[in-house]
Amino acid sequence: AYTLTSLNRVALCHQGLGEHDKALPLFDDVLARARAKLGPDGPVTAGLLENTALGYDAAGKRAAAEAHW
């Protein structure tokens with residue numbers, strides 16, 4: 001879970017810098033890894049799912065964001 005959290009933080013940094021082209025694939029990768037390792041309903045996965053949705057929303061991709069909520 002520590003690696004996933006660290007990668008998520010990197011994605012959040014890219015998002016904060018407006019680098020959505022770097023953040024979104026990283027959010028997707030982290031979420032896929034969390035679902036595979038921790039299961040789809042765990043608390044860490046849920047937090048990563050929310051961050052992924054917020055990342056898509058920040059990038060102006062509302063349909064993709066809504067698919068993650």
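**View 1. Helices α2 and α3 have axes that come within 9 Å and cross at roughly 160°.** That makes α2 roughly antiparallel to α3, a class for angles over 145 degrees, with under 35 counted as roughly parallel, 65 to 115 as roughly perpendicular and the rest as oblique. This is a predicted model, in which local features need pLDDT of at least 70 and side-chain atom pairs count only at pLDDT 80 or more, while totals for chains, interfaces and linings use all residues. Residues are numbered from 1 along each chain as its sequence is written, and side-chain values use heavy atoms, without hydrogens and water. Axes are lines fitted to C-alpha atoms, for helices over the stretch in contact, with angles from 0 to 180 degrees between N-to-C directions. Helices are DSSP runs (H or I, at least four residues) numbered from the N terminus.

**View 2. The crossing of α2 and α3 is left-handed.** A crossing is given this hand if the near helix is turned anticlockwise from the far one by less than a right angle. On the α2 side the contact (heavy atoms within 4.5 Å) is made by His20, Leu24, Phe27, Asp28, Val30, Leu31, Ala34, Arg35 and Leu38. From α3 come Val44, Thr45, Leu48, Leu49, Asn51, Thr52, Gly55, Tyr56 and Ala58. The contact of α2 with α3 has 11 nonpolar, 5 polar and 2 charged residues; Ala, Val, Leu, Ile, Met, Phe, Trp, Tyr, Cys and Pro count as nonpolar, Asp, Glu, Lys and Arg as charged, and the others, Gly among them, as polar.

**View 3. Helices α1 (residues 2-16) and α2 (residues 20-38) have axes that come within 8 Å and cross at roughly 160°.** The two are therefore roughly antiparallel, and α1 passes α2 in a left-handed crossing. Residues of α1 in the contact include Leu4, Leu7, Val10 and Ala11, and those of α2 include Ala23, Leu26, Phe27 and Val30. By class, the contact of α1 with α2 divides into 11 nonpolar, 4 polar and 2 charged residues.

**View 4. Helices α1 and α3 have axes that come within 11 Å and cross at roughly 15°.** α1 and α3 are therefore roughly parallel, and their crossing is left-handed. Leu4, Asn8, Leu12 and Gln15 of α1 meet Leu48, Asn51, Leu54, Gly55 and Ala58 of α3. The contact of α1 with α3 holds 5 nonpolar, 4 polar and no charged residues.

**View 5. The largest nonpolar core has 12 residues in all.** Such a core is a set of buried Ala, Val, Leu, Ile, Met, Phe, Trp, Tyr and Cys residues joined through side-chain atoms within 4.5 Å. Among its members are Leu4, Ala11, Leu24, Phe27, Leu48, Tyr56 and Ala65. α1, α2 and α3 (43-58) each supply at least two residues, and α2 gives the most, with 7 residues. Neighbours within four places in sequence aside, Tyr56 is in contact with Leu24, Asp28, Lys61, Ala64, Ala65 and His68.

**View 6. Threonine 45 lies in helix α3.** Threonine 45 is buried, at 1% relative accessible area; buried means under 20%, exposed over 50% and partly exposed in between (1.4 Å probe, protein chains only). Not counting residues up to four places away in sequence, threonine 45 touches Leu31, Ala34, Arg35, Leu38, Gly39 and Pro40.

**View 7. Glutamate 50 is in helix α3.** Glutamate 50 is partly exposed, with a relative accessible area of 43%. Its C-alpha atom is separated by 9.7 Å from that of leucine 31, 19 residues apart along the chain.
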